[in-house]
Amino acid sequence: MSLSITHHPSPITDHRSIRRLLVRGPNWIGDGVMSEPALSALRRLYPQAEITLLVKPAIAELFGSHPAVDRLVVYDDRGRHAGLTGKWTLAGVLRRHRFDLAVLFQNAFEAALLAFLAGIPRRYGYATDGRSFLLTDPVAVPNRQQLDHQVDYYWQLLNRLGNGGPPPAPRLYVTDEEREGAARRLSAAGLASQDLLIGVNPGSTYGGAKRWLPQRFARTVDRLIRHCRDSLGVPARAVIVGARGEEALGHVIAGAIEGGALVLSGQTTVRELMAVTERCRLFLTNDTGPMHIAAAFNVPVVAIFGPTDWRMTSPFGEGHQLIRQPADCSPCLLRECPIDHRCMTGVTVDAVYEAAVRQLGRQGARGEGLSAEQAPLVGVTVFLDRDGTLNPDSGYIGAPSGFELLPGVAEGLARLKRAGARLVVVTNQSGVARGKFTLKDLELVHAKLRTLLEAEGVALDAVYFCPHHPDDQCLCRKPGTAMVERAAADLGLDLSRAYVIGDQSRDIELAKRVGARSVLVTTGPGSQEAVGALRAGGTEPDAVVPSLSDAVEWIVREAESHSYQRSAVSRN
């Protein structure tokens with residue numbers, strides 16, 4: 001095969017001609033997260049294209065369930081792709097995919113060389129590292145002084161492809177199974193589901209200069225745990241995370257925390273780290289990859305910066321707290337401090353603690369971390385049917401494009417969250433067994449459900465589904481109780497303080513079987529018939545309402561009434 005270097009001066013504007021697109025992602029976790037908005041933009045710009053992501057193993061894990069990625073190719077530069085022979089082998093693998101376009105987020109010469117050796121006809125990336133002659137579409141590197149953040153660096157690369165506007169915050173995705181695995185792991189370590197989890201990331205693979213003092217992490221966590229107990233009325237625990245080689249550091253900090261902490265440093269895969277981090281309600285960290293993971297899950301972050309450039313790599317998005325001690329020599333970007341480490345030793349426990357308390361207060365405005373007296377639904381779980389309750393029941397929904405929320409659903413669920421409730425979706429999805437769609441399709445639909453809700457500040461606690469055919473006589477298909485029982489075991493739920501909202505008689509029967517209160521919404525295609533059948537059978541719902549918003553109003557009103565009654569008894 002002969003290869004030639006051909007430059008195409010015109011921009012790549014015919015998106016329909018691109019059927020197979022290769023993205024060479026960054027090499028580091030933090031950069032991978034910061035490139036995510038641009039990766040998602042490529043999916044929007046080329047909706048019909050198959051997008052393959054070429055990345056090293058850790059970044060492949062990071063994007064393992066990302067809806068913008070159709071295929072992952074792992075670049076094993078320490079194994080089968082090491083050396084010149086390995087690079088040629090990898091180029092051969094890429095050549096067989098017959099890509100139309102390569103978009104290079106990575107800046108290295110090697111990235112352009114691999115795309116060239118793979119025979120990809122259009123090679124698009126920044127003109128860095130002496131590689132312009134290998135690119136058919138080189139892009140001028142933006143002036144760093146004009147960039148607000150590293151996220152903008154990747155985002156602006158796509159401007160010539162039709163991208164525009166400000167970048168959204170990065171987002172990451174974990175599966176329900178991964179969430180459940182994290183819940184089981186935390187539970188096995190003695191952390192209760194109602195514990196407010198404080199994530200602590202005290203290490204740094206970049207070098208010791210980025211690390212705040214271990215004893216100060218421990219003192220800060222001690223004070224925060226007391227604050228949660230005494231001021232917020234909730235128990236709090238700490239989990240320490242970090243890379244392999246940081247285990248000793250984690251145990252030193254845990255040993256200095258009153259009551260100890262769970263040390264997971266070096267004990268998790270990237271996917272497991274993501275699932276544990278998503279569970280946290282506060283994340284204390286140096287400037288490292290896990291900091292960006294926490295921010296991408298909208299976990300409130302308190303980030304301590306010293307030698308690195310806070311303007312480019314701070315946690316992206318609203319509401320995060322950045323702590324730094326100005327020093328004439330910062331940012332120096334050095335791995336080890338050659339003098340007295342003043343940029344880090346100048347950061348006090350008081351400064352970090354006060355920032356963390358502000359973050360907990362911000363959560364309190366959403367009803368998290370509050371006592372039952374402050375939020376009437378603390379300790380309450382609301383189980384939600386999906387089709388006909390959260391979204392129009394249009395039959396088998398096998399793609400995100402066919403999924404949308406009913407009016408008022410996001411606002412209603414946000415109100416439940418602010419009141420302290422936990423939200424769990426339980427849904428029959430026999431379309432899997434019937435061959436209407438795959439488990440991967442269903443996962444993408446649920447990712448869109450979470451995305452739509454999280455845009456309104458609503459984070460579901462879990463989604464459980466039954467994929468079986470009705471003839472299978474499984475125990476999980478509603479009104480079977482296995483999904484609810486599994487949720488109760490995984491999340492430590494009290495079913496005596498639970499509600500079920502649904503649009504079908506099976507939802508109401510499920511509520512009766514598990515001892516929960518029931519609300520039937522008449523937004524489904526067979527809801528009115530269900531009301532008649534339930535009344536005829538003597539199984540009346542506790543409430544029948546026209547919409548989920550009305551169901552929320554009924555639940556909150558009932559909870560507030562019970563709270564008032566409990567307060568009256570207490571006063572007497």
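**Notebook: loops, a sheet and a helix pair**

**Entry: Asp129.** I began with Asp129, which sits in the loop between β5 (122-126) and β6 (137-139). I note here that the model is predicted. I looked up the backbone of Asp129 and found phi near 55°, a positive value in a residue other than glycine. Most residues other than glycine have a negative phi. I then asked: is Asp129 buried or exposed? Its relative accessibility is 52%, so Asp129 counts as exposed. The cut-off for exposed is over 50%.

**Entry: Pro138.** Pro138 and Arg123 are 15 residues apart along the chain. Their C-alpha atoms are separated by 7.9 Å.

**Entry: the whole chain.** I stepped back for an overview. How many helices and strands does the chain have? I find 20 helices and 18 strands. The chain has 572 residues, and buried residues make up 54% of them. I also looked at contacts between residues at least 6 apart in sequence. Of these, 66% join residues at least 24 apart.

**Entry: a sheet.** I traced a six-stranded sheet next. It is open, and its order is β15-β14-β13-β16-β17-β18. The pairing is parallel. Which strands stand at the edges? They are β15 (462-466) and β18 (543-545), each pairing on one side only. On average, neighbouring strands of this sheet are turned by 20° against each other, with direction ignored.

Strand β13 (residues 381-384) runs parallel to strand β14 (residues 422-428), and four bridges join them. For Leu384, I found the bridge partner Val425 in β14. A helix also packs on this sheet: α16 (residues 439-454), which touches β14 and β15. The direction of α16 makes about 145° with that of β15.

**Entry: Pro479.** I looked past β15 along the chain. Pro479 lies in the loop between β15 and α17 (482-491). Which kind of peptide bond joins Lys478 and Pro479? I find a cis bond there, with omega about 15°. Most peptide bonds are trans.

**Entry: α10 and α11.** Two packed helices are described by the angle between their axes and the distance between the axes. I looked up both values for helix α10 (residues 270-279) and helix α11 (residues 289-296). The axes come within 9 Å and cross at roughly 55°. The two helices α10 and α11 are therefore oblique to each other. The crossing of α10 past α11 is right-handed.

Which residues make the contact? From α10 I list Leu273, Met274 and Thr277. From α11 I list Pro290, Ile293 and Ala294. I sorted the residues of this contact by type: five are nonpolar, one is polar and none is charged.

**Entry: Asn298.** I followed the chain out of α11. Asn298 is found in the loop between α11 and β11 (301-305). Its phi is near 60°, again a positive value in a residue other than glycine. How exposed is Asn298? With 45% relative accessibility, Asn298 counts as partly exposed.

How values were computed: Residues are numbered from 1 along each chain as its sequence is written. This is a predicted model: local features need pLDDT of at least 70, side-chain atom pairs count only at pLDDT 80 or more; totals for chains, interfaces and linings use all residues. Side-chain values use heavy atoms; hydrogens and water are left out. Two strands pair if DSSP finds at least two bridges between them. Axes are lines fitted to C-alpha atoms, for helices over the stretch in contact, and angles run from 0 to 180 degrees between N-to-C directions. Contact means heavy atoms within 4.5 Å. Angles under 35 degrees count as roughly parallel, over 145 as roughly antiparallel, 65 to 115 as roughly perpendicular and the rest as oblique. A crossing is left-handed if the near helix is turned anticlockwise from the far one by less than a right angle, and right-handed if clockwise. Ala, Val, Leu, Ile, Met, Phe, Trp, Tyr, Cys and Pro count as nonpolar, Asp, Glu, Lys and Arg as charged, and the others, Gly among them, as polar. Buried means under 20% relative accessible area, exposed over 50%, partly exposed in between (1.4 Å probe, protein chains only).
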